[in-house]
Amino acid sequence: MPSPEAVLDRDCDRRTASGYLDAVQARPSHRIMIFQRGKTLVRGNAILFFDPTKVAGQLPADVLTVYLGKTLPGHHPHLPDGTDLVLKVLEDDADSSAWISQGTSLAGYREAAAWLSGADAAIFLQAQAVANWHQTHQFCPRCGSATELLWAGWKRRCPLDASEHFPRTDPAVIVAIVGGDDRILLASNFAWEPNRYSTVAGFVEAGESAEQAAVREILEEVGVHLHATHYVGSQAWPFPRSLMLGFLAHTADVTAVPDNVEVREARWFSRSELQAAVLSGEAVISQRLSIARAMIEHWYGGRIRDYGEAAEGATSVGEKS
């Protein structure tokens, strides 16, 4: 499964310097990404990056500001190479009506991922992850004092006990389970609509390897024993701040038993059954750009057509023995 290249140079070595964020914002060529309540401004099928001269004086002086990085050569379809991107996170109750004009709206990642470019989706994920971290780490976990921002928004420090805190990433496993007859097992979670199916995922616990977590989570959630796991790739997922470690796993079990806590149904699909179910609307699978969709299509052997998508000219994938 191919791993997408980075879109931004995060400039980790230089962003730690005192005054670096101010220097970036003094450059008229930088662009601003507005974020509020887990959403960003979009227009058409792209994130709306603001020219700083267009928003001068419209943002609060104390707005949370983070340097995201500069666009790598040839990696963004609309922004010039080397464009510095700065994230501005508005308070949840701030009036954002001034930013929303005709053709512009606030959109969350889950709804926007279906039509954003890969570059914009990657920037959105980074912004979401760092914004989530700031919202939950405004106070020192040791003494409760308000923390201060450093390193262009990538470190918080407690002025009382001098402890330093960095954006947190929690490892989680996500598993595509394949049976002995080469069918895939997909699960429907109680948090979703009843006809949505995806791969099974769960967090890695302390002192546990990713492979051990995959075996444990699958047994707990769908009652299936895995006898082989193969790492296939990873994806940052900022809900709330995860790194999804993808595994293709095999089982000899033919029966799945949902835990009825997180999983309402676990269902086996052959390739033709899954494609037919998706095309008819009987089943909805994970969105494109997600690692879950990539792993399902890795098993499938090609692109799965979504509901309502025309079959003309599509390449069908036959059953594998």
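Which residues of the largest nonpolar core touch the most other members?

1. Basis. This is a predicted model, in which local features need pLDDT of at least 70 and side-chain atom pairs count only at pLDDT 80 or more, while totals for chains, interfaces and linings use all residues. Residues are numbered from 1 along each chain as its sequence is written, and side-chain values use heavy atoms, with hydrogens and water left out.

2. Largest core. A nonpolar core is a set of buried Ala, Val, Leu, Ile, Met, Phe, Trp, Tyr and Cys residues joined through side-chain atoms within 4.5 Å. Buried means under 20% relative accessible area, exposed over 50%, and partly exposed in between (1.4 Å probe, protein chains only). The largest core has 28 residues, and Met33, Phe35, Leu68, Leu87 and Ile123 touch the most other members. Two or more residues each come from strand 2 (31-36), strand 6 (64-71), strand 7 (84-89), helix 4 (109-112) and helix 5 (118-136). Helix 5 provides the largest share, eight residues. Helices (H or I, at least four residues) and strands (E, at least two) are DSSP runs, numbered from the N terminus.

3. Ile123 and a second core. Leaving aside residues up to four places away in sequence, Ile123 touches Val7, Leu8, Met33, Phe49, Leu68, His76 and Leu85; contact means heavy atoms within 4.5 Å. A second, separate core has 23 residues, among them Val178, Met244, Ala283 and Ile291.

4. Strand 12. Strand 12 (residues 170-178) is largely enclosed by the rest of the structure, because eight of its nine residues are buried. Strands pair here if DSSP finds at least two bridges between them. With strand 16 (residues 242-250) the pairing is parallel and has nine bridges; there Ala172 stands opposite Met244. With strand 14 (residues 200-203) strand 12 runs antiparallel, over four bridges, and Phe203 is the bridge partner of Ala172.

5. Hairpin. Strand 12 also joins strand 13 (residues 184-189) in the antiparallel sense, through two bridges. Val178 has Ile184 as its bridge partner in strand 13. Five residues lie between the two strands of this hairpin, where Asp182 takes a positive phi near 70°.

6. Helix 8. Eight of the 10 residues of helix 8 (residues 291-300) are buried, so this helix is largely enclosed by the rest of the structure. The buried ones are Ile291, Ala292, Arg293, Met295, Ile296, Glu297, Trp299 and Tyr300. They pack against strand 12, strand 13, strand 15 (228-237), strand 16, strand 17 (263-269) and helix 7 (271-280). Gly301 follows helix 8 and has a positive phi, near 95°.

7. Pocket. A pocket is an open set of points on a 1 Å grid over the protein atoms alone, with protein on both sides within 12 Å along at least five of seven lines; a 1.4 Å probe fits at the points, and lining residues have an atom within 4 Å of a point. The second largest pocket holds about 880 Å³ of space. It is lined by 33 residues, of which Arg110, Trp192, Ser198, Ala201 and Trp237 are the closest to its centre. Strand 14 gives the most to this lining, four residues.

8. Cysteines. With a disulfide taken as a pair of cysteine sulfur atoms within 2.5 Å, the count is zero. Cys143 is in no disulfide, and its nearest cysteine sulfur, that of Cys158, is 3.5 Å away. That separation is too far for a bond. Cys143 is partly exposed, at 38% relative accessible area, whereas Cys158 is buried at 0%.

How values were computed
Grid points are joined across faces, edges and corners, and a volume is the space filled by probe spheres set on the points.
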